[in-house]
Amino acid sequence: MNDLSDAGGVAARLGFKYQDHVAASFVLDMIGDPNVLQVECETSDDITRIIRVSGVEIPEYIQVKTTDRDTKWTSKEITDRTNKKTESSLIEKSLLADKHQGNARFRIITRRSVNSTLSALLDPLERRDPAGEIATLAAKLKAKHPKTLSANGHDLSFWTLNAVWDVRSGLEYIEPQNLQLISRLSEQEGYSPSYSQVKRIYLDLLTERA
């Protein structure tokens with residue numbers, strides 16, 4: 001494999017998006033984690049992955065949002081409909097991706113975090129008290145659109161209890177993490193690629209994604 005001295009310029013010319021780098025991170029996770037079984041892009045949602053949890057295969061529907069504002073995400077922002085006549089709010093669109101298997105998980109990835117009213121979504125599912133703050137939030141979000149149901153009959157309370165808000169501030173955070181993961185995966189296989197080689201591998205992955 002040849003060294004790549006102009007990797008940064010190549011990336012700039014290809015114009016990779018934030019979502020592409022996020023998708024690449026999930027592909028790399030799949031390579032290193034046997035419990036991540038499949039990653040698909042722009043099918044049911046921006047990204048869909050199949051994960052194994054306690055021996056059960058569960059789809060996780062992932063939306064990537066890059067809306068630029070100076071404020072944190074609020075409950076109003078995620079429940080407001082872009083079209084008053086349709087189920088068009090952010091969380092409704094996320095819920096409606098639930099079309100396949102009975103169990104489901106959801107993930108929203110953003111550059112900016114949420115405010116205190118939504119902070120329960122930041123906690124990993126396994127660390128939550130199902131009767132605590134997340135239950136209060138679930139009731140609140142369901143009340144905004146009580147009739148919205150997925151194809152599997154799940155409502156916004158179900159969405160809340162099975163959703164994670166994942167803050168990834170920008171490419172300056174995601175790309176170095178992905179490059180580091182490629183290096184670690186390579187070392188586990190007995191290889192020690194140079195930085196330029198790692199960069200080339202990453203660009204090849206992004207090209208496949210693009």
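**Rings, cores and the whole chain**

Guide: Let us begin with the rings: Tyr61, Phe106, Phe158 and Trp159 are linked by ring pairs into a cluster. The model is a predicted one, in which local features need pLDDT of at least 70 and side-chain atom pairs count only at pLDDT 80 or more, while totals for chains, interfaces and linings use all residues. Residues are numbered from 1 along each chain as its sequence is written, and side-chain values use heavy atoms, with hydrogens and water left out.

Visitor: How many aromatic pairs does a search of the whole structure find, and what makes Phe106 and Phe158 an aromatic pair that is edge-to-face?

Guide: The search of the whole structure finds four aromatic pairs. In the pair of Phe106 and Phe158, the centres are 6.3 Å apart and the planes stand at 90°. Rings of Phe, Tyr and Trp (its six-membered ring) pair if their centres lie within 6.5 Å, and planes under 30 degrees apart count as stacked, over 60 as edge-to-face and the rest as tilted, so the pair of Phe106 and Phe158 is called edge-to-face.

Visitor: Why is this pair said to tie together parts that are 52 residues apart in sequence?

Guide: Because Phe106 lies in strand S4 (residues 105–110) and Phe158 in helix H6 (residues 156–161), the pair joins parts 52 residues apart in sequence. Helices (H or I, at least four residues) and strands (E, at least two) are DSSP runs, numbered from the N terminus.

Visitor: What makes the charged end of Arg112 count as sitting over the ring of Trp73?

Guide: The charged end of Arg112 is 4.2 Å from the centre of the Trp73 ring, and the rule asks that NZ of Lys or CZ of Arg be within 6 Å of the ring centre and within 35 degrees of the ring normal. The charged end of Arg111 likewise sits over a ring, that of Tyr18, at 4.7 Å from its centre.

Visitor: Is Leu185 buried or exposed, and how do you know?

Guide: Leu185 has a relative accessible area of 13%, and buried means under 20%, exposed over 50%, and partly exposed in between (1.4 Å probe, protein chains only), so Leu185 is buried. Leu185 has its place in helix H7 (residues 171–188). Ala135, found in helix H5, has a relative accessible area of 28% and is therefore partly exposed.

Visitor: Which residues touch the most other members of the largest nonpolar core?

Guide: A nonpolar core is a set of buried Ala, Val, Leu, Ile, Met, Phe, Trp, Tyr and Cys residues joined through side-chain atoms within 4.5 Å. Of the 22 residues in the largest one, Ile78, Ile91, Phe106, Leu121, Leu137, Trp159 and Trp165 touch the most other members. A second, separate core of 13 residues includes Ala23, Val39, Ile62 and Ile109.
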